[in-house]
Amino acid sequence: MGRIAYVNGRFVRQAEACVHIEDRGLQLADAVYEVWALFDGRLADAEGHFARLNRSLGELRIAEPMSRAALTVVIREAIRRNRVRDGLVYLQVSRGVAPRDHAFPKTPTPPGVIVTVKAVDRAAAEAKAAKGVGAVTTPENRWGRCDIKSVSLLPNVLARQQAAEAGAAEAWFVDDLGFVTEGAASNAWIVDADGRLRTRDTNANILRGITRFTLIDVIRDVGMVVDERPFTPADAYAAKEAFMTGAGALVTPIVSLDGRPIGDGVPGPVATRLRSLYIERAKATAI
Ligand code: PDD
């Protein structure tokens with residue numbers, strides 16, 4: 001069975017799905033997106049992703065395409081039609097179709113909406129996490145509003161390609177102050193040389209990762225402490241452990257940075273435990 005996509009009010013075979021060539025998402029990257037992990041056909045961290053979607057839309061003054069309830073129905077129907085139990089839901093909302101002009105259309109256009117669903121092989125993902133992945137560092141070169149989940153992702157694309165060419169899975173951006181901001185598609189964490197769990201604070205120019213927020217909750221619930229102090233690549237090289245969080249990665253151990261092993265060069269106990277605690281929480285709260 002081929003995949004089914006939702007595009008502007010209709011469910012269509014994904015292979016035949018299309019958008020207008022003057023959709024502003026296509027021509028100007030004038031669009032936002034969200035990604036939910038799916039566990040047993042249910043949305044993980046649903047509320048957080050919906051709230052961030054509305055915030056991204058609000059910051060860019062793109063109209064909400066439909067109510068939260070209606071969007072939930074559309075997403076559920078997309079999941080059902082694709083018969084996916086474990087996977088990812090991708091939602092994109094553009095400012096809509098209008099003759100190309102950088103400024104907003106003078107007459108408001110209905111937002112363009114796309115939903116796709118893809119299956120993830122959780123056994124393969126577990127095997128990958130059990131081995132850990134590599135990361136590289138790269139200079140931060142994105143705009144100043146990384147808190148908006150915009151589809152304008154060229155720096156992230158190039159950073160991920162740099163990682164891929166180095167045989168790594170993620171790239172960590174390093175800002176002008178020499179601190180790691182986040183990954184190309186995940187938030188960045190270390191267990192530093194003193195054993196402190198560190199990740200960049202959300203006043204910095206980063207995406208406010210939903211997985212990050214849930215994981216902070218999980219960490220506090222088990223009596224551990226998160227230190228939202230910026231860290232440098234040197235801190236990471238000397239760290240006991242490193243990992244990344246995101247709807248795709250969940251919690252994935254990083255075992256090398258720029259080709260240097262982190263800790264023992266294998267997934268550490270903290271990242272391994274946090275991965276299973278996060279998955280347990282995500283499954284228990286998925287809707
Ligand atoms: N990426 N930082 C960036 C730049 C991201 O693109 C993402 C997610 C995250 C983690 O956010 P969350 O925990 O809310 O997924 C952090 C998604 C998965 C993607 O682009 O596919």
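1. Salt bridges come to 24 in this model, counting a side-chain nitrogen of Lys or Arg within 4 Å of a carboxyl oxygen of Asp or Glu. The model is predicted, with local features needing pLDDT of at least 70 and side-chain atom pairs counted only at pLDDT 80 or more, while totals for chains, interfaces and linings use all residues. Residues are numbered from 1 along each chain as its sequence is written, and side-chain values use heavy atoms, leaving out hydrogens and water.

2. Helices (H or I, at least four residues) and strands (E, at least two) are DSSP runs, numbered from the N terminus. Arg68 is partly exposed at 32% relative accessible area; buried means under 20%, exposed over 50%, and partly exposed in between (1.4 Å probe, protein chains only).

3. Next, please see Arg122 and Asp86, which form a salt bridge at 3.8 Å, N to O. Because Arg122 lies in helix H4 (residues 122-131) and Asp86 in the loop between H3 and strand E5 (87-94), the pair ties together parts 36 residues apart in sequence. Arg122 counts as buried at 17% relative accessibility, whereas Asp86 is partly exposed at 28%.

4. Glu140 and Arg142 also pair through their side chains, at 2.7 Å, N to O. Glu140 is buried, at 17%, and Arg142 is buried too, at 15%. Elsewhere, Arg55, Glu59, Arg145 and Asp147 are linked in a network of salt bridges.

5. Now to the ligand. Of the 20 residues around the ligand, Tyr33, Glu182, Ile210, Thr211 and Ala247 come nearest (a residue is near if one of its heavy atoms lies within 4 Å). Elements supplying at least two shell residues each include strand E3 (31-39), helix H2 (46-60) and helix H6 (210-221).

6. A backbone N or O atom of Ala247 is 2.8 Å from a ligand oxygen, and the side chain of Lys149 places an N or O atom 3.3 Å from a ligand nitrogen. Both are polar contacts, meaning pairs of N or O atoms within 3.5 Å; within protein, one must be able to donate a hydrogen and the other to accept it, and residues adjacent in sequence count only if both atoms are side-chain atoms.
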